[in-house]
Amino acid sequence: MLLKVDRVTQLLSTVLQALLKKGFYYLLLLWALPTGLAIGAISGFFGVGGGFLLTPILLLLGYSPSTAITISLLYSMSTSISGALTYIQSKKIILKTTLLLSISGMIGTQLAKPLVLYLTKKGLDDTVISLLYILLLGYFSISMQFEAKKNAENRNTTTISPLGPILIGLLGGFVSSILGVGGGFVMVPLLISVLGIPARLAVGTSLTSIFFIVSTGFISYIQTVSIPITLATILVIGALVGARFGASVTASFSEKMMKKLLGILYLFTMISIVLKLLHHTIPGLLILIGYIVTLMGLFLYQYWTKKKRLFFFE
């Protein structure tokens with residue numbers, strides 16, 4: 001049954017690519033704009049770039065890995081700068097930590113280049129990248145559930161050692177370069193669990209630093225990779241609007257609930273990657289899309305009802 005679903009999806013992907021080549025660009029609006037808005041909202045809410053959600057979707061639709069990664073990096077730049085503005089305006093970032101994450105993250109992207117080239121040359125990139133995704137997502141999914149049981153609302157953030165942000169930034173940049181993502185999905189849980197930074201501050205700090213980290217990666221990719229401008233433009237528009245919206249609704253959720261939702265997002269993303277390794281891409285993607293739709297429902301409900309801290313569970 002799963003194999004039949006995958007064959008149907010491959011056929012639909014081929015048909016979509018053929019229609020786009022013939023000029024049916026209005027089809028982009030039917031999926032690219034909602035996708036850009038939804039992933040943008042999740043990016044702004046959780047402080048991640050969104051590339052780890054967007055890249056698999058683009059690959060499924062038939063775009064090459066280099067094109068998908070380049071578009072995702074551009075998209076992550078858009079979500080990070082848009083969402084970061086909201087957090088900066090509300091003073092939900094730690095400036096010193098942001099600077100350390102940004103600088104060390106940009107260095108980390110360059111340190112990862114030799115490994116990326118080696119894996120690509122040996123044909124091990126897909127397997128190693130997927131396994132790295134699974135390990136990181138599995139660990140962070142569990143750690144966020146444990147962190148949700150702690151109260152970090154009133155933790156002191158004035159005594160953070162510079163070494164912590166530097167190491168986290170290096171790891172975030174390293175992972176960003178290898179996986180072609182923003183690195184926020186690595187930095188946010190580490191900022192929360194290792195440095196003890198409250199979730200909202202961790203999200204704002206990570207999102208601000210992501211812009212500088214992914215810009216380094218995007219510049220290196222765009223020099224050799226051409227991307228479909230119409231698709232990229234629509235996704236970026238969705239990112240700019242969605243990230244601002246996602247960042248604005250964080251005040252309606254408790255620290256505990258934000259950690260729980262983030263942990264579940266990591267879990268479903270990990271499951272989708274495991275299924276992809278087993279050549280069952282569509283079922284995994286449907287699971288992930290189902291959770292994304294659920295999150296959007298929660299965000300919209302909070303926005304429309306204006307109920308402060310509705311999901312505050314202690």
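I took helices as DSSP runs of H or I with at least four residues, and strands as runs of E with at least two, numbered from the N terminus. Just after helix 4, I found K91 with a positive phi of about 60°. The model is predicted, so I kept to its limits: local features need pLDDT of at least 70, side-chain atom pairs count only at pLDDT 80 or more, and totals for chains, interfaces and linings use all residues. Residues are numbered from 1 along each chain as its sequence is written, and side-chain values use heavy atoms, with hydrogens and water left out.

Helix 4.
I noted that the end C-alpha atoms of helix 4 are 36 Å apart, which agrees with the 36 Å that its 25 residues should span at 1.5 Å a residue, the expected span being 1.5 Å times one less than the number of residues. Of these 25 residues, 18 are buried (under 20% relative accessible area, with exposed over 50% and partly exposed in between, for a 1.4 Å probe and protein chains only).

S80.
I placed S80 in helix 4, residues 65–89, and its relative accessible area of 0% makes it buried. Leaving aside neighbours within four places in sequence, S80 is in contact (heavy atoms within 4.5 Å) with L207, I210 and F211.

L265.
I then turned to L265, which lies in helix 11, residues 255–277, and counts as buried because its relative accessibility is 0%. Not counting residues up to four places away in sequence, L265 touches I42, F46, F52, L53, L288 and Y291. L265 and F46 are 219 residues apart in sequence, yet their C-alpha atoms are 9.8 Å apart in space.
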